[in-house]
Amino acid sequence: MMPKMNTAKILLSLLHLLAATPVLAGDFNTCLGDLRREATGKGITTQTFDAAMRGIEPDQSVLEAMDNQPEFKTPIWDYLAALVDEQRIADGHAKLAEWAAVLADAERKFGVDRHTIIAVWGVESDYGKTMGRRPLVRSLATVSCFGGRQRFFRGELLATLRILQSGDMPPEALAGSWAGAFGHTQFMPSTFQRLAVDFDGDGRRDIVNSVPDALGSTANYLKQAGWITAQPWGYEVRLPANYDGPAGRRTRRALTEWNRLGIRQIDGSALTGNGPAALLLPAGARGPAFIVFRNFDAIYSYNAAESYALAIAHLSDRLRGAGPFRSAWPTDDPGLSRAERRELQELLIARGYDIGTADGIIGARTRAAIESFQTSAGLAADGRAGGRVLKALRQTSPQQ
């Protein structure tokens, strides 16, 4: 007998979508008229605008994605476990070898080390495997008319229209994330206009179909964001017992001050480095702690979330040969790597849960199946794909 799935949340989401779409459509047409006037007043031809907007309708799923950004809602131990796993490290080593000549040129021209460039590529699109499939014009038109950041997204929509008008990239290449980021390293359209480079010498800037252009553009971005050549992003440290002193990415002190407060490198030695530094405590004083320098801020500027910047920084270290963080995250339910997520899904499928294929992506059906299994196993039914439920699945036979 098939296990009973909890579909209440899925049905509620569908009902919300059906109810909201007509309202969005009516408001959307009015908004498009405003956008057309604004665009043509800023140099976009009516032909470009009308061709790009022909048949465009609002995308409700974009608004839902805007409200559920993983960088801000996912526990950091889950976020890092999925982004910095053995698979991504192995793939990164392969890319370092494959694109060694291009990376060497980028290091010489921009001063950014190859491990950081590849780490951005790995975190942003899994080395080009997940660049996003949403049409940029539709996504950006939706968030230009609805949501809390319409002015920002209108600027990105205008930048997209300029890309189309200039012929930098064909319309079919302009697909990406809900927010409009596209290409191997997920540039926003305005960032593409300012900082993308032609690194393969073919006369075009193409971060979708040209890996050299994407890697060179990423290096240029980091250089312009203040990257300091041959300097580290930071390193893991240990705190004195019951530390309650200053912390935070913007709270910068001289290393002598952090040393005076009893903070040491993870091996117990005194702090070293150049320039002022900040103490980063992404999970509080009971979790891993880091001294971070200017280069961490350069990474952070790529996508303003500390968990995101730490993922790139950590992946770059792993690609250099460093090991995992020495300090444990303050949780008894650790995050899962992608291989572990696939194993979890395979175990659910073996028990009859209809969740589709075991792809390692934890969507609504997988969460509902986890919740159902947790209920049957006497666990707290929160639908969380963590170490605790994976252990329970491993210990329970499909028949049970």
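**View 1. The disulfide between Cys 31 and Cys 145 has its sulfur atoms 1.9 Å apart.** A disulfide is a pair of cysteine sulfur atoms within 2.5 Å, and by this rule the count comes to one. The pair joins distant parts of the chain, 114 residues apart: Cys 31 belongs to helix α1 (residues 8–41) and Cys 145 to helix α9 (residues 136–145). Helices (H or I, at least four residues) are DSSP runs, numbered from the N terminus. The link is left-handed, with -90° about the S-S bond. Both Cys 31 and Cys 145 are buried, a term that denotes under 20% relative accessible area (1.4 Å probe, protein chains only). The model is predicted: local features need pLDDT of at least 70, side-chain atom pairs count only at pLDDT 80 or more, and totals for chains, interfaces and linings use all residues. Residues are numbered from 1 along each chain as its sequence is written, and side-chain values use heavy atoms, with hydrogens and water left out.

**View 2. Arg 154 is located in helix α10 (residues 150–166).** Arg 154 counts as buried because its relative accessibility is 14%. Leaving aside residues up to four places away in sequence, Arg 154 touches Cys 31, Leu 35, Glu 38 and Ser 144; contact means heavy atoms within 4.5 Å. Arg 154 and Leu 140 are separated by 14 residues in sequence, and their C-alpha atoms are 7.2 Å apart in space.

**View 3. Helix α18 (residues 387–395) has buried residues.** These are Gly 387, Val 389, Leu 390, Ala 392 and Leu 393. Among the elements that cover them are α16 (338–350) and α17 (364–376).

Notes: Helix = DSSP H or I, 4+ residues; strand = E, 2+ residues; numbered from the N terminus. Buried < 20%, exposed > 50% of the residue type's maximum accessible area, 1.4 Å probe, protein only.
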